[in-house]
Amino acid sequence: MKAVKIIVGLLYPADLQELRDWTRGRLSASFGEIERESASYPFDFTDYYRDIAASLLRCFFSFRGLRHPEGLVDWKRAAIDLERESQKRENACSRRVNVDPGYLDGARIVLASTKDNAQRIYLRDGIYAEVTICHRKSGWEKFSYTFPDFKSGRYDAFWDVVRADWQRDRKNLKSAD
């Protein structure tokens with residue numbers, strides 16, 4: 001079995017910690033127990049998500065256990081539903097959070113998207129997959145298309161810890177066979 005660790009990136013308004021906490025609970029209900037949670041970082045590399053709020057924070061979650069990567073489309077569909085739910089919860093004109101699921105394995109971080117682009121592969125149901133960064137002996141390598149905040153390296157230490165969790169879980173999975 002090709003086993004991966006589910007990861008989720010969350011963008012949320014800097015002044016709405018309770019919305020972050022609510023989203024965290026909804027993510028846990030959808031994807032299981034949260035194993036790791038990153039710090040919240042200022043999302044200051046682009047203003048693409050100004051429809052959510054003028055000042056945003058980004059954090060990441062990883063979830064306990066390993067999953068089959070073909071679940072990526074379903075994870076993105078659940079994330080889209082959660083974004084819509086945040087809009088209704090806040091009686092807002094647009095979504096109040098941006099939820100980006102993906103997965104990590106020993107070699108890469110793959111993110112799901114509803115937007116097509118040259119580096120993305122269509123999966124099904126309007127969902128694409130992108131290898132956003134990859135891991136080599138020298139660490140996390142970025143591509144020309146890698147999002148600027150990922151390219152900055154500010155999340156690399158978190159990815160290292162989640163990758164170690166993935167390695168541990170893979171080892172435990174193999175020893176159980």
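Q: What counts as a salt bridge here, and how many does the structure hold?
A: A salt bridge is a side-chain nitrogen of Lys or Arg within 4 Å of a carboxyl oxygen of Asp or Glu. The model is predicted. Side chains of opposite charge can pair when their charged atoms come close. The structure's total of salt bridges is 25.

Q: What is the N to O distance between Asp-169 and Lys-5?
A: The cut-off for a salt bridge is 4 Å. The side chains of Asp-169 and Lys-5 meet in such a bridge, with an N to O distance of 2.5 Å.

Q: Which elements does the Asp-169 and Lys-5 pair tie together, and how many residues apart are they in sequence?
A: Asp-169 lies in helix H4, residues 156–176. Lys-5 sits in strand E1. The pair therefore ties H4 to E1, parts whose separation in sequence is 164 residues.

Q: Are Asp-169 and Lys-5 buried or exposed?
A: Buried means under 20% relative accessible area. Asp-169 falls in that class, and so does Lys-5: buried.

Q: Which residues are linked with Lys-5 and Asp-169 in a network of salt bridges?
A: Lys-5 and Asp-169 belong to a network of salt bridges.

Q: Where do Asp-105 and Lys-2 lie, and how many residues apart are the parts they tie together?
A: Asp-105 forms a salt bridge with Lys-2, with the closest N and O atoms 3.1 Å apart. Asp-105 lies in the loop between strands E5 and E6, and Lys-2 in the segment before strand E1. The pair thus joins parts whose distance in sequence is 103 residues.

Q: Which elements hold Glu-37 and Arg-24?
A: Glu-37 and Arg-24 form a salt bridge, the closest N and O atoms being 2.6 Å apart. Glu-37 is partly exposed at 33% relative accessibility, and Arg-24 is partly exposed at 30%. Glu-37 lies in strand E2 and Arg-24 in helix H1.

Methods:
Residues numbered from 1 in each chain as written. Predicted model: local features only at pLDDT ≥ 70, side-chain atom pairs only at ≥ 80, totals over all residues. Heavy atoms only, no water. Helix = DSSP H or I, 4+ residues; strand = E, 2+ residues; numbered from the N terminus. Buried < 20%, exposed > 50% of the residue type's maximum accessible area, 1.4 Å probe, protein only.
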